[in-house]
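This report describes one protein chain for a reader who has not seen it before. The sequence and the structure come next, followed by the text.

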Amino acid sequence: MRKDALDFLRCPKCGRELSIKTIFQTKDKEIISGTLICISCGSTYPIKSGVPDMVQEMDRGVALTERSYNIAHVLEEKKWKCRDYIKRRVKTLLDHLEISPEDLKGKKILDAGCGGGQLACKLSSFNCDVVVGIDICRIITRAFDNCRRKSVHYVRGDIMNIPIREKYFDVIYCLDVFPILPNPEKAFDNLSRLIREGGVLFITFINSNSDILFWKIMYPTWRILSRLPLSIQDVLSYLFAVCFVLVSSFKRRKFSKNFFNEGRVLYYDMFGQGYYYTEDPKEVRKWFIKNGFRKIEIKLGSAGFRAYARGIK
Ligand SMILES: C[S@@+](CC[C@H](N)C(=O)[O-])C[C@H]1O[C@@H](n2cnc3c(N)ncnc32)[C@H](O)[C@@H]1O
Ligand SMILES: [Zn+2]
């Protein structure tokens, strides 16, 4: 963590500024381990492996999600090493935002639920002023290890109780996170407060009006799975991965060791969550209006279940 992160970090308990209490280890102007303290309520937050850890207690659902992504993101790192994959994801994001790479110059950007942090890292190469990647996963420390650009910061934090200064960002995007948050509308309100006048908020969600039978079956299945003990979840992830290897090898007419990893990532991505929500696009539009956004655009993906929503403050 660099000291300039104090510009946007706020106490998740009272919203006030933080200062550095102790520094145990530094490297290249980064604090690798130490403690932050709130100037108002005195709460302390550790800095671990270069990343401030602002997560308060997690309920069982959030803890399950966190655990799943700690596993999934590590298994998935190989995919992110593929340049085409990153390029494609950046292009899709910028197309949705209707922003060119040149427009990102000098902007402050928040990647809410940044996962392994690769997208935030890539965006910071477009001369942004600041890119902040926040995620609840403990393994966000790997994002810090993998991306040592000056303008990018990683924070372990909870979107439900967000430790960031209000009206700070020009662009906030939140990809594939809303369906798994405990209270999506509250999360939306939280993110909206962080946008400055003229800034843009972009989220993806799952359309509850989709007629796709698969999702109609999946929704109750998710709810049951999220209540299972973690050890059973793990056993199921291996069984699922074995089935995935068989089907993938047959379909792609070749066997690859990676299919097993892909299977486990897919399992944790699809079944390892504590919460699952789908949203009515009309309701999402109301969230934008309630929070003072204009130029609201909601689009459905080709299969009709994935939805993309954008508004300008
Ligand atoms: C499907 S992944 C998407 C990751 C990334 N946005 C992407 O598109 O590659 C969902 C991410 O949301 C994060 N997440 C879930 N609940 C969260 C919360 N309450 N606060 C912050 N991050 C959260 C998970 O840890 C996970 O990394
Ligand atoms: Zn405080």
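A nonpolar core is a set of buried Ala, Val, Leu, Ile, Met, Phe, Trp, Tyr and Cys residues joined through C-beta atoms within 7 Å. A residue counts as buried if 20 or more other C-beta atoms lie within 10 Å of its own, as exposed if 12 or fewer do, and as partly exposed in between, with C-beta atoms placed from the backbone. This is a predicted model, in which local features need pLDDT of at least 70, side-chain atom pairs count only at pLDDT 80 or more, and totals for chains, interfaces and linings use all residues. Residues are numbered from 1 along each chain as its sequence is written, and chains are lettered from A and ligands numbered from 1 in the order in which they are written.

The largest nonpolar core holds 75 residues, and Leu110, Ala112, Val131, Ile172, Cys174 and Leu191 have the most contacts inside it. Strand β9 (residues 195-206) gives the most to this core, with six residues. Helices (H or I, at least four residues) and strands (E, at least two) are DSSP runs, numbered from the N terminus. Two residues are in contact if their C-beta atoms, placed from the backbone, lie within 7 Å. Leaving aside neighbours within four places in sequence, Leu110 is in contact with Val132, Ile134, Phe169, Ile172 and Leu194.

The domain bounds come from an automatic or database domain assignment.

| Domain | Residues |
|---|---|
| domain 1 | 1-54 |
| domain 2 | 56-208 + 276-312 |
| domain 3 | 227-271 |

The contact between domain 1 and domain 2 takes 13 residues from domain 1 and 16 residues from domain 2. The C-alpha centres of these two domains lie 22 Å apart.

Which residues of helix α9 (residues 281-290) are buried? They are Val284, Trp287 and Phe288. These residues cover an arc of only 95° around the axis, which puts them on the same side of α9; the arc is that of the directions from the helix axis to the C-beta atoms. They pack against α5 (184-192), β9, β10 (294-300) and β11 (306-312). On the other side of α9, Lys282, Glu283, Ile289 and Lys290 are exposed. Gly292, with a positive phi near 80°, follows α9.

Helix α7 (residues 230-252) contains Ala241. Ala241 is buried because 20 other C-beta atoms lie within 10 Å. Leaving aside neighbours within four places in sequence, Ala241 is in contact with Phe260, Gly263, Arg264 and Tyr267. Ala241 and Tyr267 are 26 residues apart in sequence and 7.4 Å apart in space, C-alpha to C-alpha.
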